[in-house]
Amino acid sequence: MTRYLYYPGCSMDASARAYQESLAAIAPVLGLDLAELDDWNCCGATEYFGLSRTPAYALVGRNLAIAADQADGTRTLVAPCSACFLNLARTDHAMAESPVLRRDVNASLEVGGFHYDPGAITVRHLLEVIMNEVGLARVSGAVSRPLTGLRVAPYLGCMVPRPDYASLWIRHEQPRDLDRLLATLGADVVDYPLTTECCGGHMAQISTELGFGLIRRLIVAAEARGADLMVAVCPMCQMNIDAFQGEMNRHFRTSHHMPILFFTQLMGLAFGQEPTRLGIGRELVDASRALARVGIEVPPPSEDELKAAQREEAHRRKQALPMPHLDDAPGAERQEVRR
Amino acid sequence: MTADEPAGTGAGPRIGVYVCHCGSNIAGAVDVEAVRDFAAAELAGRGVVVARDYKFMCSSLGQELIEQDVRELGLDRVVVAACSPHMHEKTFRGAVGRAGLNAYLCDLVSIREQVSWVHTDRAAATEKAKAILSGGVERIRHNVPLEPVVVPIDPATLVVGGGIAGITAALELANAGHKVYLVEKDPSIGGHMAQFDKTFPTLDCAACILTPRMVEVGSHPNVELLTWSEVVNVSGYVGDFQVTVLKKARYVDTELCTGCGICQEKCPKKVVDEVFEAGLGYRKGVYTPFPQAVPKYPVIDRYNCTYYEKGTCKACEKFCPTGAIRFDQQDELITFKVGNIVISTGFSLFDARRIEEYGYGRLPNVFSSLEFERLSNSAGPTGGRVVLRDGVTEPRSVAIVHCVGSRDRRYNAYCSAICCMQSLKFAHLVKEHTAATVYEFYIDMRTPAKGYDEFYQRLMDEGTIFVRGKVAAIHEAEAAEGAAGKLVVQVEDTLAGVQRRIPVDMVILSAGVEPRSDARDVARLFGISCSADGWLIEKHPKLDPIATMEEGVHIAGGVSGPKDIPASVAQGAAAAARVLSHIAAGQLELEPYKASVAATACSGCRLCNGLCPFSAISYLEDRAVSEINPALCQGCGVCVAACPAGAISASGFDTDQILAQIEGLLLEHVGPAGPTAGVLA
Amino acid sequence: MVVEHSGADAAPDSAFLEEVMGATAVPSRLDHCIQCGTCGGSCPSGPEMDHTPRQLFALIRAGRRDAVLSSNAPWMCVSCYYCVVRCPQAIQITDVMYALKTMATRAHAAGDRTASDFSRLFIWNVEHFGRSYEVGLVGPHYLRHHLGRLPGVAPMGIGLLAKGRIPLAPARIKGLAGLHAILARAAELEAAR
Amino acid sequence: MSATDTGFEPTLIGFTCNWCSYRAADLAGTARIKYPPNVRLIRLMCSGRLDPVFVLKALADGADGVLITGCWPGDCHYLVQNRYALRRFVLLRRTLAALGIEPGRVKLVWASAAEGLRLATEIGTFIEEVRALGPLAWPTARRDRSMAAGPPEDEAGVGETEGAEPGGTAVSTPAVELVEAVP
């Protein structure tokens, strides 16, 4: 087992639970000992950097400082989420490049009892660690149920191969690493030239036309190439294509059905692990039909679960959860109601 | 180590110091008068008897000033503080020479390139100029008279590379009556120009203007044409280079071969021609790259020959009417002597595969510029039909992308100079061969030569659509985009300020030019430098673009940077003119910087013997000392620094000169001592 | 085209350009823009932007502060970094976009507020819990900006809940007080820059 | 004058090769690339000409650092002679360390004739590196030569460096002070 520092990021406990579950299932097989950082905080996603420079870097800097404190012999911090990976790497890079930023971030961290020297931690994305550290030979050795016949569209998204501060990726437009990994699992990898096109990020929440347009483009291209499902390496990509697919269909009056799973889920399946243990079934666009093609049975969701969910929703409403009101949000005083 | 006793007469040296204003180039950042006064007052004790400043020291009046002082004040040393010695050292050494003083008793110290042009703080710059001058004064106290080395010039010349630049240089020299060895590594001369159909802006047929020159050089009695050959070693120096050329086996007896072409017809082996046809066409295992090849003799590509692969075939031998096939032919090493060298090894095209978003190599109907040259060439693989990769379909819309690999910090930051015009030519050729709509995507249209902008205007008349914007990406049309089977050019039309996705059938990537991948090896072979990019470096970018820092080695054409055909031809001719001036003079004076061993001090340890890459040092067994052959010594000084006995000295750069200069630079001997020298403005 | 009186440039000097260049953490090289349009051509949001990034950069050089800060372009940036890896001048365009968002927020200049409100909500979450909380984010955002989409998005929410993809309560980090202090200090330092 | 005061301006001697780095310095000039004036260059025909004595001499005579420059490995005008510069440089650093002098006071930089900007940048970097090291207090027999330079201005606080020769002085000569007085 090789020990790595692990920064899960907020989605892993929520919308990307399947990613977390499948990663937990395959990590021992791959010899990955993922030590989750204690008391990590949100990386700010694509939002915080637009609010204010120094606070945004300090927010991420706290995580890097925690990682350095908890390093214990290792210096590689693995992030499964592309946005988290990018923000962590970007902060390390910017602190190294800018002495002023380094000074200000550390002056801020000091208030919380932290300090970070850029370069102390190497930030890497989970996929890249599996490709370059674990290696395809080991992955191949663990495959007991090759996904032969499953046509998959490898969707890498933008933030892993770009902007690539640490020059880990030779190709920024058409990398084939995910393709090679999926081929190692026995899957039939379709040529998917949109592999690093953008899923829109938060755009589905901002501009419907644009956000849904980007999602549709990715789905249509995967369909056109005969993919049974798409494969993601990022919670946000998966969320956009999976959770928003229904709304996108309604918006454009289409009826696409393109499941998208995390690459870790497919790895688990190829390793012969149980679908439920891998979070399969948590996707909104049902992947069971696609998986049935390769003889993988996914237990259908029970009615009880749905009812339980509705009960939980009602329960959640009743609980006095701190639902933020916009007027409470910073800078809200000037807002007027708009539609 | 210090020289309290000045060299020269017992009376001490009489040094003249001359500080140049260089207009405002020096005086703008350095207080020239203060430097002059410093020399007069503080260096008088070091032998400075006169210090002057002058607006332009290099002018004839400035030089006369020095000459007059040498004569009238009896100066025996002169230090000029002005520009770089690489600029004007010869000028001032000439001046003192005219006044009867040995030229090497004059040094030039740089207070322009090393001071006024690089520093902004006037006070600090002035102090540094003083220190540099002090270093020069201390150093020159140790200078001794030297005589330049005179070398005779062998009238033969080596021209490396048989493109248009090399052909031009070879013809100029040969027509002047001198022997030329023209070495080309491909089976035929002609270079890139031979691959083109038309040349901009006149649209001359490239073959029509090139072929006569190829034939002329190939049959010229003064030219020894060595194709399918490479220079593998060069030694010696200007006037007397020894050259070794590897003449690769052609497997064809050129005495017997008539160039009839039957062997090529009968050869069963067909391979993709990656060189001449840019990968777009085929050639045989035995081949001449193109019908007008010079020489006409084919070569057998032994790595793509059935006989060499399987031991049987020999179809060529069977059918050759003159029995010229020689499977047992061996590579040959040829050596000869030349006095001068012209390097015209050309350039490569940027490999567009490196720009992934343009899809070259992934998307079939994306073509490189060289591919398109072959596609549109009537002698090319399609006979001049401009068609898609399927070999059949004529495109109805074509996009031509500028600046592919040029003006891009990811690849080459420079402008490749030829691509705008090349792209315009392509647009014209597409229109000439097809009925397609043609788009040109450019950042800036650069047409700065005779007839070039007129050509741009002509293309507008022809209906080419110009879109100002660097293409962001090229991809296959997605079903949703409603242009199935087409390529989509994604671009911001910067003049309209909108993002456009333009569907086309064909994309031509106007690739920039790059140094050849072996440029560094070529530079090393000939002892010249190349830039970080890989372009060979000229002696002076403006005033001496065809000479190099190695005397006798010249460069012409695309090897020193992007150039179009007219510029390459001009450089080939210019290089020839320079060589001719050497040949006409018959001899050349070289700097006398050589190492020599003082036999009395040499301990015979032989440590120096292995240090010399020019084999100039030999050990004399009988006298148990080492000796340096001045004819072979290149003056690097490694042996001088290595000699544990200090027995080796280096004329011009001797140890006492350097040590004294260090002391001077650190202002060791500065101070008022003795009478102040005359200050004369 | 907006025709202006001669010599009526809002900021004839390069003050605004320098301000924008000073607002990124690492040098953006914005002054090296050659207006080639690679960014505008690459941008997935290009069609939705008031100005393409390239136009925005030209406006910055022209000192058109108001036009730049009220443009929706920075808010449409999806951080895909296509422009950054393709820019022939190696300009850090995404960083510039983040900086412009910051400047627009400070100047209260953003036009359409959908994106900036989403950002503020997100940040509110992070500052209250130390982690982001998708429900706390999406709910109010839709109420405010996409009321029409609520019927469409509701099944998604139920679905996510049914699939166990929405936690009941936002996670809260232990060192929240420390984080607040860090962010407060950072905000002070930012203001002092 | 104690050079440990703020505003210490190091004095550097730089050795250049006639073919590459000297021309790089020329190019920096032609291109008007600015760098600080603390370095004074000496032209050699080849970096291989560099006698380690030159470096020791420069340090002993008041230089705070020595920059050695030459053609890139493989680009030597004399084929391979710059490799001797590299060897001597490595040896020099060891020797200096043994003498109690920071090896960082000697730096080797390769610069081709086209790399004016690189050379200027490296010079600037080296100046800052030496500035951080502070003035060099080399135990020297400078006094022997002080006759030529006039009497040492001030001997206070000198000769305390370990291993200093009796009476050895590390203070700046007035001439060096002249340079240091430059803002």
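A polar contact is a pair of N or O atoms within 3.5 Å; within protein, one of the two must be able to donate a hydrogen and the other to accept it. The legends below describe close-up views of a predicted model.

View 1. With a relative accessible area of 1%, B:Ser376 is buried. Its side chain reaches the backbone oxygen of B:Glu373 at 3.3 Å. When neighbours within four places in sequence are left aside, the residues in contact with B:Ser376 are B:Asp197, B:Gly384, B:Val386, B:Leu429 and B:His433.

**View 2. An open sheet of four strands in chain A.** Strands of a sheet pair through backbone hydrogen bonds, either parallel or antiparallel. In this sheet the strand order is S6-S5-S7-S8, and the pairing is parallel. The edges are formed by strand S6 (188-189) and strand S8 (260-262) of chain A; each has a single partner strand, so one side of each is left without a neighbour in the sheet. Strand S5 (residues 151-155) and strand S7 (residues 229-232) of chain A are joined by four bridges. A:Tyr155 stands opposite A:Ala232 in S7(A). Helix H12 (residues 263-270) of chain A packs on the sheet, where it touches S5, S7 and S8 of chain A. The direction of H12 makes about 75° with that of S8(A).

**View 3. The packing of helices H9 and H11 of chain A.** Helix H9 (residues 208-224) and helix H11 (residues 245-252) of chain A meet at an angle of about 105°, and their axes are 10 Å apart. The two helices are therefore roughly perpendicular to each other. From H9(A), the contact is made by A:Thr208, A:Glu209, A:Phe212, A:Gly213, A:Ile215, A:Arg216 and A:Ile219. From H11(A), A:Gln245, A:Glu247, A:Met248, A:His251 and A:Phe252 take part. The residues of this contact comprise five nonpolar, four polar and three charged.

**View 4. The buried residues of helix H3 of chain C.** In helix H3 (residues 53-61) of chain C, the buried residues are C:Pro53, C:Arg54, C:Leu56, C:Phe57, C:Leu59 and C:Ile60. These residues pack against strand S25 (487-493) of chain B. They also pack against several helices of chain C, namely H1 (15-21), H2 (38-42), H4 (65-69), H5 (73-76) and H7 (93-106). H3(C) is followed by C:Gly63, whose phi is positive, near 75°.

Definitions and conventions
Residues numbered from 1 in each chain as written. Chains lettered and ligands numbered in written order. Predicted model: local features only at pLDDT ≥ 70, side-chain atom pairs only at ≥ 80, totals over all residues. Heavy atoms only, no water. Pairing = 2+ DSSP bridges. Contact = heavy atoms within 4.5 Å. Axes fitted to C-alpha atoms, helices over the stretch in contact; angles between N-to-C directions. Parallel < 35°, antiparallel > 145°, perpendicular 65-115°, else oblique. Nonpolar A, V, L, I, M, F, W, Y, C, P; charged D, E, K, R; others polar. Buried < 20%, exposed > 50% of the residue type's maximum accessible area, 1.4 Å probe, protein only.
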